[in-house]
Amino acid sequence: MKLKLGVPKGSLQESTFSLLSKAGFHFSVSDRSYFPSIDDEELEAMLIRAQELPRYVEDGVFDVALTGYDWIIESGVDVMSVSDLIYSKQSMRKVKWVLAVHESSPVKSVKDLEGKRIATEVVNITRTYLAKNKVNATVEFSWGATEVKTPDLVEAIVEVTETGSSLRANKLRIVDVVLESNTKLIANKKSWNDPWKREKIENLAMLLQGAINAGNKVGLKMNLRKTDVDSVLQLIPALRKPTISQLADDQWIALETIIDENIVRKIIPQLKRAGAEGIIEYPLNKVIY
């Protein structure tokens, strides 16, 4: 038996393969292939645009897939949401679909778009947003290059952004946030009810979440005298209490912990001054809580 996995092709492809690799699943795929090979005989994968994956999972073409919450909502499908995986193309954070206009536009709020035209890839999400705000506007599907369509072709757009840099580069101003989205692991409901497939999916979800948890953390090992333990412990914001092991010399111990990577450059000199020796920093692939 095999579990059929849908992997998003396009902007999320590289970051998804990187995450899967950290989770322990190693893929290889040629530039023109849609069928990557994988070092797990129980998995069968295919590359498909993220926009289409929710529908294929609902229909049972795939047992499980990685796709955006935005495309699940846009498709209106009935699937099992297994896990939220907070990563995107460039970072480990959510993306936003925003209502934006040209910087010269007089539009200040969505209310100002009554009777106007809006271009977007997420037509259903945008129509729901407009209905919630009691605004009647024409929403047209955009096949691409959405950011250049205002102000000449439409009065506003609804576009996805991660950092806002592309919007600023195209002289656009954000009016409102329409939807926040992140990658999700979703499953076909029939597949979820199959004991073997469910266990495989749950294992995949655990390992993927572990890889995300490890994304901004590192491990630290060090040796120190017992007399310096208290001063060193005061410096360490540990995930849990650090692991302490007795060394051959009964006056010395080994300490191991996990900390956020962004504080390492500050804390290592402090640890050294507090008496720590043989300090080793190492990367992490997975952290399972």
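Modeller: Happy to! I118 stands opposite A156 in strand β10. That belongs to the pairing of β8 (residues 117–120) with β10, which is parallel and has three bridges. Strands here are DSSP E runs of at least two residues, helices are H or I runs of at least four, and both are numbered from the N terminus; two strands pair if DSSP finds at least two bridges between them.

Biologist: Before we go on, what should I keep in mind about the model?

Modeller: This is a predicted model, where local features need pLDDT of at least 70, side-chain atom pairs count only at pLDDT 80 or more, and totals for chains, interfaces and linings use all residues. Residues are numbered from 1 along each chain as its sequence is written, and side-chain values use heavy atoms, leaving out hydrogens and water.

Biologist: Thanks. Which way does β7 run against β10, parallel or antiparallel?

Modeller: Antiparallel: β7 (residues 95–102) is joined to β10 by five bridges. In that pairing, K96 has T161 as its bridge partner.

Biologist: Now the open sheet: what is its strand order?

Modeller: The five strands go β4-β1-β5-β12-β6, with mixed pairing. β4 (43–49) and β6 (80–85) are at the edges with a single partner strand each, so one side of each has no neighbour in the sheet. On average, neighbouring strands are turned by 25 degrees against each other, direction ignored. Axes are lines fitted to C-alpha atoms, for helices over the stretch in contact, and angles run from 0 to 180 degrees between N-to-C directions.

Biologist: What does helix α7 lie across?

Modeller: Helix α7 (residues 195–213) lies across β1, β4, β5, β6 and β12 (183–187), at about 15 degrees to β6. Contact means heavy atoms within 4.5 Å.

Biologist: Switching to the backbone, where is the cis peptide bond?

Modeller: From T150 to P151, with omega near 15 degrees. P151 is in the loop between β9 (138–141) and β10.

Biologist: And what is phi of K134?

Modeller: Near 55 degrees, which is positive in a residue other than glycine. Most residues other than glycine have a negative phi. K134 is in the loop between α4 (123–132) and β9, and counts as exposed at 73% relative accessibility.

Definitions and conventions. Buried means under 20% relative accessible area, exposed over 50%, partly exposed in between (1.4 Å probe, protein chains only).
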